[in-house]
Amino acid sequence: MRPFVRQTWALTRRYLTQMEPAFIFISLVQPIIWLLLFGALFKEVVRIPGFGGDSYITFLTPGVVVMTALFSAGWSGMNFIDDMDSGVMSRMLVSPVHRGAMMASTLVYQALTTVVQSIIIVLLGWALGAKFPSGVPGVTMLVLGAVLIAVAFAALSNGLSLVTRTRETLIAAATALVLPLSFLSFAFMQANLVPGWIAGIARYNPVNWAVEAGRSALAVHVYWGTVGSYVLFLLASAIVAGVLATRAFRSYQRSI
Amino acid sequence: MKAAPAIEAIELVKTYKGEVSALAGLSFEVEPGTVFGLLGPNGAGKSTTVKILTTLSAPDSGAAMVGGVDVAKHPERVRRIIGAVAQESGSIAALTGRQNLRLQGDLQGMAPKELTGRSEQLLDTFGLTDAADRTAKTYSGGMRRRLDIAIALVHQPEVLFLDEPTTGLDPEARADTWRALTELAARQQLTILLTTHYLEEADQFASRLAIIDWGQIVAQGAPDELKAALRGDSVVVEMGDRRGAGIGERALLQLTDVGSVALDGTALRARVPDGARLLPSMLAALDGAGVQVESVAVSRPSLDDVYLHFAGRSFHSAQEVAA
C-alpha cells in the first residue's frame with residue numbers, strides 16, 4: 001500500500017508542477033458564457049407555471065458547475081497520450097510503478113482542478129445573483145458531486161486514451177458525450193418540465209445525479225438522505241470507472 | 001563456474017497483427033558486466049526484442065530471463081533491476097532535470113536521502129549539474145539523451161537497455177553520450193544491451209555483437225572475431241550502373257583468387273586474400289569485359305562486410321528496404 005500512495009503522490013505532484021496556471025482560467029471562459037448569456041437568455045423561464053423558483057441563475061449555477069467539471073475531465077486522457085508520444089508512458093511501464101497509481105494520480109489531479117474551478121464558478125454565480133440558502137455545507141456537497149463525476153469521466157477519458165491512442169478520437173468521443181449527457185439531465189430545466197423520455201433517462205444519468213445532489217444540497221430545506229444517496233451512487237460510478245480504466249493498460253501494452 | 005547470464009533470450013517469437021513476424025525464434029545470451037550490441041537495420045526486430053526484455057510487451061512464444069528472472073512470470077521483479085532508455089525521450093519536458101530524477105527515484109521507492117545523493121552524482125557524471133534546474137525542454141538533443149540515461153540509472157539497475165541511444169544526435173553529442181556511458185560501465189558492474197544501426201558504434205563499444213536480420217540472429221561474437229571470420233580484404237568497385245555491375249560480377253567471378261562477389265546496387269563487393277596485389281588483375285578483367293569502372297576501394301573487413309556476409313545483403317540496402 002505504501003509504494004502505491006507514494007507513487008500516486010509523486011505523479012500527482014508531477015501534474016501539478018507541469019500545469020499551466022492559465023489553463024484554469026481558459027477553462028472558465030465557457031462557464032462564464034453559460035452563466036452570463038444562457039442565464040440571461042432564459043431568465044424568464046422561472047415564470048413558467050410549475051418551475052417553482054424565483055431565480056434562473058440560482059437554478060443554473062449547479063448545472064454549470066457540473067458541466068464544466070465534465071468538460072475538463074473529458075480532456076484528462078490527453079495526459080496519457082502526451083506521455084505515449086514522448087516515451088514517458090513506456091518508461092513508466094518498465095519501472096516498478098503500480099498501474100493503479102498512474103491512473104489514480106491523474107484522477108487526484110483532476111479532482112483538485114475541479115475543486116478550484118467549481119469554487120470560482122460558484123463565486124461567479126453568487127456575483128450574478130444566485131442564492132445558496134444552505135451555505136457552505138451545501139456548496140461543499142455541490143463541489144463533491146462535481147469532483148466525483150469529474151473523476152468518473154476522467155477515468156473514462158483515460159481508459160479511452162489507452163485503447164484508441166489518438167488525440168482526435170479522444171476529443172471527438174469526449175465532446176460527443178459531454179453535451180448529450182448534460183442535456184439529458186435537469187441541469188438547465190426543472191424535472192417536471194422536461195419531456196417524459198428525457199426525465200426517464202436522466203434518472204439513470206450520473207451527470208444528473210451530480211446536478212441533483214448539488215442542487216438539493218443548496219435548497220432551503222435540504223433532504224440530506226437524498227443528497228447522500230446521490231453521492232454514494234456517484235462514488236460507486238467513479239470507483240467502477242477507475243478500475244475499468246486501469247485494466248485498459250493491458251490493452252495498451254498488447255498494442256505496442 | 002561460469003556466471004549466470006545477465007540476459008537470456010530463448011527462441012523468442014513475436015508477430016504483430018497483420019504483419020510479417022517481427023521475431024522469428026531469436027536466441028542469445030549476455031554475460032554480466034559486458035556491453036552487448038544488437039546490430040541490424042530498422043525493422044529487423046531490435047526494438048521488439050528490447051520491449052520483450054524490458055517487460056513492455058509479451059512474446060507469442062519463447063522465454064526471456066533478465067538477471068535470472070523470467071520476464072513473463074515476474075515482470076515486477078525484472079522492473080526493479082533494469083533501467084531502460086527507449087528511442088523516444090522518456091524524460092518529462094516540463095520538469096527540470098533534477099525533478100525528473102527525483103520523480104523516477106520516488107517511483108522506484110528510493111529513500112529520499114539516498115535519492116538526493118544519487119541524483120547529484122548522476123547530474124555530475126552526465127555533465128548536467130549546471131542545467132539541473134532548467135526544464136528538460138530547454139536542453140539540447142545530447143543533454144536530453146544524457147538525462148534520459150541518468151533517469152534510467154537512478155536506482156542503480158543491474159542491466160541497462162539502450163534502444164538506439166544516439167539516433168538523431170550530432171556526432172559531438174554522440175561522442176559525449178558514449179563517453180559518459182563507458183565511464184559508467186567501467187566503474188560499476190553494469191550489463192548494457194544496446195541496439196544500434198551505427199556499425200561504427202557497435203564496433204567501438206560492444207564487447208560482443210549479435211547481428212539481427214528478419215527477426216533472427218544471423219551471427220554473433222566479438223567484433224574482431226566476426227571480422228576475422230572474413231579472411232582477406234574487401235574490394236569495392238563502383239560501376240555506376242546496374243547493367244555494368246552485372247557484367248562486372250560475372251567477369252570477376254572468372255578470377256581464381258576472388259573468393260566471393262556480391263552485388264550491392266551499382267557496386268560490387270569482392271572478398272580477396274590480398275587486395276593490393278590482386279587489384280590490377282581485377283581491373284584488367286573488368287576492362288576486358290568492356291565495362292567502365294567509376295571508382296575502386298580496398299579495405300580491411302569492416303562490420304559492414306560482416307553484415308553483408310552474414311545477412312546476405314549490405315547494411316545500407318537493408319536500411320533502404322526498411323525505410
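In this predicted model, helix α4(A) meets helix α7(A) through I57(A), T61(A), V64(A), V65(A), T68(A), A69(A), S72(A) and A73(A), which face Q110(A), T113(A), T114(A), Q117(A), S118(A), I121(A), V122(A) and G125(A). Sorted by class, the residues of this contact comprise seven nonpolar, nine polar and no charged ones.

Two packed helices are described by the angle between their axes and the distance between the axes. For α4 (residues 56-74) and α7 (residues 99-127) of chain A, the axes come within 9 Å and cross at roughly 155 degrees. Angles over 145 degrees count as roughly antiparallel, and α4(A) and α7(A) are therefore roughly antiparallel to each other. The crossing of α4(A) past α7(A) is right-handed.

A second pair in chain A can be read in the same terms. The axes of helix α5 (residues 77-86) and helix α8 (residues 135-164) of chain A come within 7 Å, with a crossing angle of roughly 30 degrees. Because angles under 35 degrees count as roughly parallel, α5(A) is roughly parallel to α8(A). The crossing of these two helices, α5(A) and α8(A), is right-handed. On the α5(A) side the contact is formed by G77(A), F80(A) and I81(A), and on the α8(A) side by S157(A), N158(A), L160(A), S161(A) and L162(A). Four of the residues in this contact of α5(A) with α8(A) are nonpolar, four are polar and none is charged.

These helix pairs belong to a chain built from helices: chain A has twelve helices and zero strands. The C-alpha trace of chain A spans about 60 × 35 × 35 Å along its principal axes. A compact globule of 256 residues would have a radius of gyration near 18 Å, and the value of 19 Å for chain A therefore agrees with that expectation.

Chain B is considered next. The domain assignment divides chain B into domain 1 (7-227) and domain 2 (231-300). The C-alpha centres of domain 1 and domain 2 of chain B lie 40 Å apart.

The two chains also touch, with 25 residues of chain B in contact with 19 residues of chain A. On the chain B side, the elements that give two or more residues are α2 (75-81), β6 (82-85) and α3 (97-107) of chain B. Of these, α3(B) supplies the largest share, five residues. The side of chain B that touches chain A is made up of ten nonpolar, nine polar and six charged residues.

Methods. Residues numbered from 1 in each chain as written. Chains lettered and ligands numbered in written order. Predicted model: local features only at pLDDT ≥ 70, side-chain atom pairs only at ≥ 80, totals over all residues. Domains from an automatic or database assignment. Axes fitted to C-alpha atoms, helices over the stretch in contact; angles between N-to-C directions. Helix = DSSP H or I, 4+ residues; strand = E, 2+ residues; numbered from the N terminus. Parallel < 35°, antiparallel > 145°, perpendicular 65-115°, else oblique. Left-handed = near helix turned anticlockwise from the far one by under 90°. Contact = placed C-beta atoms within 7 Å. Nonpolar A, V, L, I, M, F, W, Y, C, P; charged D, E, K, R; others polar. Rg over C-alpha atoms; globule rule 2.2 N^0.38 Å.
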